[in-house]
Amino acid sequence: MTDSRYNVVVIGGGIVGLAVAREITRRFPRSRLLLLEKEARVASHQSGHNSGVIHSGVYYKPGSLKARLCVRGAAAMIEFCREHGIPHKVCGKVIVAASEAELPRLEELRQRGQANGLAGLRLIGTEELREIEPHASGLRALVVPSTGVTDYVAVCEKYADLISAQGGTIHTSAAVTGLKRLSAEIVVETSRGEFSTTSVINCAGLFSDRISCMAGDDANVMIVPFRGEYYDLVPARASLVRALIYPVPDPRFPFLGVHFTRRITGKVDAGPNAVLASAREGYRRTNVNLGDVASFLAFPGFWRMAAQHWRNGCGEFYRSLSKPAFVRALQRLLPEVHDEDLVPGGSGVRAQALKRDGALVDDFQFVSSGRMLHVLNVPSPAATASLTIAQAIVDTAERDLGLA
Ligand SMILES: Cc1cc2nc3c(=O)[nH]c(=O)nc-3n(C[C@H](O)[C@H](O)[C@H](O)COP(=O)(O)OP(=O)(O)OC[C@H]3O[C@@H](n4cnc5c(N)ncnc54)[C@H](O)[C@@H]3O)c2cc1C
């Protein structure tokens, strides 16, 4: 027996699931849509624990989904915030090369940004860097004027309001526990009862591979949780940072390196690092989920990743345990920052898909299977690009799932 019938069920009330649900209610106003979120509130995980940056698209390989959806998505996000009165600011950022070895990579980033269509990119020297960020230090820097900041929890809440206003239904505290594919429908079992639907879109973030398995599909990837820990600059020292100061990222990893972010609230934070977590929702070092650990160890790609990246992983772990080491990484960008200027801040856990061959999936990835679509890799800049990711996902669902 099912309680209710829907045309489409979206699993996950993070920014991607909400943006997808909003796009469906806009495009198909007569469809019956249900969004299921296991927590009591939307945006309880990645979407509510991020840096709040509207990324410009400078980092991503030209032609990739990340590049295309981020550049258009950033403009769409700014427009959305403007239209709905959500606090935001296009403050720009500097990416700083702290050593000679980083200079060629900084130039590569400039070229990537240009290829991705970003306007106003400029390489500058020490003097001009000091005019923009008086306390930053580096040999050269890339100015990225289109980067901004916003409040993604407010964005998620607005998406939720718009879904409800368009007739969609959102159930929170509704964890999906099973998916049964019948000949004409899919039965979604949840902690709040069963629902039947013709299509399912899985946007379950840190659990998207598990939901895919629940549906009988082999995700072919495993979601690996990488915790990002922050320190906050104490208010008396917040004036050290005007906007956003980033290092040149290591191209072998999908993470940007610890940086400074002046958030939309004015608070300045430092981080996040990227430490392999021992639980999918492991916000603290002490959070260990033995089931999660066992599943990582049983996945062949995990050992291949460990063999390739153990040195970097140990470095991140050390910087997580040792505040002086974390501070030293920050001092490459801002020599005046000291241990006593920083107090522990929050943390977030990134869902990063890992392939069987040990490679971290670089681009966004969505996979259709029958009447289901699994969103398996939407790491940063997915909050920025949520509106354009949603368009791409709903286009795919229209084509592959016959969503109409
Ligand atoms: C530390 C950090 C910093 C970041 N900084 C930025 C940034 O500055 N800019 C940017 O653009 N991006 C940033 N990102 C990336 C961005 O936050 C994520 O890419 C984005 O939030 C992913 O959204 P999501 O909806 O896929 O995932 P989530 O927000 O994690 O949502 C998935 C939802 O699915 C729910 N769910 C899981 N299992 C079930 C189930 N069985 N039943 C029902 N519901 C379920 C979860 O409870 C969760 O709410 C950052 C991420 C982190 C972690």
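Which polar backbone atom is 3.0 Å from an oxygen atom of the ligand? A backbone atom of Val16 is at that distance.

## Basis of the values

The model is predicted, with local features needing pLDDT of at least 70 and side-chain atom pairs pLDDT 80 or more, while totals for chains, interfaces and linings use all residues. Residues are numbered from 1 along each chain as its sequence is written, and side-chain values use heavy atoms, without hydrogens and water.

## Ligand shell

The ligand taken alone exposes 1000 Å², of which the protein buries 97%; accessible areas come from the Shrake-Rupley method with a 1.4 Å probe, and for residues only the protein chains shown count as cover.

Helix H1 (15–27) and strand E18 (342–355) are the elements that give two or more residues to this shell. Helices (H or I, at least four residues) and strands (E, at least two) are DSSP runs, numbered from the N terminus. The residues around the ligand number 39, and Glu37, Ser47, Val176, Val378 and Thr384 come nearest; a residue is near a molecule or strand if one of its heavy atoms lies within 4 Å of it. By class the shell holds 19 nonpolar, 16 polar and four charged residues. Here Ala, Val, Leu, Ile, Met, Phe, Trp, Tyr, Cys and Pro count as nonpolar, Asp, Glu, Lys and Arg as charged, and the others, Gly among them, as polar.

H1 has 13 residues and reaches 18 Å between its first and last C-alpha, close to the 18 Å expected at 1.5 Å a residue; the expected span is 1.5 Å times one less than the number of residues. Eleven of the 13 residues are buried, so H1 is largely enclosed by the rest of the structure. Buried means under 20% relative accessible area, exposed over 50%, and partly exposed in between (1.4 Å probe, protein chains only). Both Ile15 and Val16 are among the buried residues of H1.

The 14 residues of helix H5 (residues 152–165) should span 20 Å, and its end C-alpha atoms are 20 Å apart, which agrees. Its buried residues are Tyr152, Ala154, Val155, Cys156, Tyr159, Ala160 and Ile163. An α-helix has 3.6 residues a turn, so residues three or four places apart point the same way. At the start of H5, a side-chain oxygen of Asp151 comes within 3.0 Å of the backbone nitrogen of Val153. Just after H5, Gly167 has a positive phi of about 95 degrees.

Thr388 is in helix H10 (residues 386–400) and counts as buried because its relative accessibility is 4%. With the same exclusion of residues up to four places away, Val394 touches Val20, Glu23, Ile24, Arg27, Phe28 and Leu403.

Arg227 belongs to strand E13 (residues 221–233) and is buried at 2% relative accessibility. The side chain of Arg227 reaches the backbone oxygen of Arg284 at 3.4 Å. Residues in contact with Arg227 include Asn273, Tyr283, Ser347 and Arg350.

## Backbone geometry

Where are the cis peptide bonds? One joins Gly271 and Pro272, with omega about -10 degrees, and Pro272 is in the loop between strand E16 (268–271) and strand E17 (275–276). Another runs from Ser380 to Pro381, with omega near 15 degrees; Pro381 is in the loop between strand E20 (372–377) and H10.

Ala43 has a positive phi near 60 degrees, although it is not glycine. Ala43 sits in the loop between strand E2 (33–36) and strand E3 (53–54) and is buried, at 9% relative accessible area. Ser173 likewise has a positive phi, near 50 degrees, in the loop between strand E9 (169–171) and strand E10 (176–181). Ser173 is partly exposed, with a relative accessible area of 40%.

Key: Polar contact = N/O pair within 3.5 Å; in protein donor to acceptor, adjacent residues only side chain to side chain. Contact = heavy atoms within 4.5 Å.
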